[in-house]
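Student: Could we take a close look at the aromatic side chains here?

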Amino acid sequence: MLENTWMMSDEPDDDNEASVLLQTRPKTKRPPLYKVLLLNDDYTPMEFVVHVLERFFGMTHAEAFEIMLTVHKKGVAVVGVFSHEIAETKVGQVMDFARRHQHPLQCTMEREE
Ligand code: TYC
């Protein structure tokens with residue numbers, strides 16, 4: 001690190017010339033992505049879920065029906081993968097829309113590994 005003994009600092013020294021030169025690979029880490037999940041329940045009408053998937057996730061009727069059935073049978077399905085901000089917006093839109101129509105539909109997000 002070529003740090004003089006009189007520096008006595010425990011902090012990483014980014015401004016140290018040797019450290020900068022040793023940084024061969026630029027840090028270009030991409031931001032994490034988030035899965036938006038739709039959860040099954042016993043009360044939300046199937047047609048409502050299909051409508052949600054068409055309206056907020058841009059699916060065709062056939063795509064939306066297929067995903068709705070997957071959630072109905074398996075309990076949960078990923079309905080899209082987005083940046084943190086977009087995922088939060090989608091979850092908010094779905095939760096708002098479901099609440100306004102008094103359906104217990106649940107939508108959540110989860111960081112993708
Ligand atoms: N299980 C619901 C019913 O039988 C349908 C449903 C599907 C509800 C998907 C929620 O995310 C859901 N009416």
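Student: Which residues form one aromatic cluster?

Tutor: Phe48, Phe56 and Phe97 do. Before going further, keep in mind that this is a predicted model, where local features need pLDDT of at least 70 and side-chain atom pairs count only at pLDDT 80 or more, while totals for chains, interfaces and linings use all residues. Residues are numbered from 1 along each chain as its sequence is written, and side-chain values use heavy atoms, with hydrogens and water left out.

Now the rings. The structure holds 3 aromatic pairs (Phe, Tyr or Trp rings, the last by its six-membered ring, with centres within 6.5 Å; planes under 30 degrees apart are stacked, over 60 edge-to-face, the rest tilted). Phe48 and Phe97 make a stacked one, at 5.3 Å centre to centre with 15° between the planes. That pair links distant parts of the chain, with Phe48 in helix 2 (residues 46-57) and Phe97 in helix 4 (residues 84-100), 49 residues apart. Helices here are DSSP runs of H or I with at least four residues, strands are E runs of at least two, and both are numbered from the N terminus.

Because Phe57 lies in helix 2 and Phe82 in strand 2, the pair ties together parts 25 residues apart in sequence. Phe57 and Phe82 are both buried, too. Phe57 also has the charged end of Lys90 over its ring, 5.7 Å from the centre (the cut-offs are NZ of Lys or CZ of Arg within 6 Å of the ring centre and within 35 degrees of the ring normal).

Terms used:
Buried < 20%, exposed > 50% of the residue type's maximum accessible area, 1.4 Å probe, protein only.
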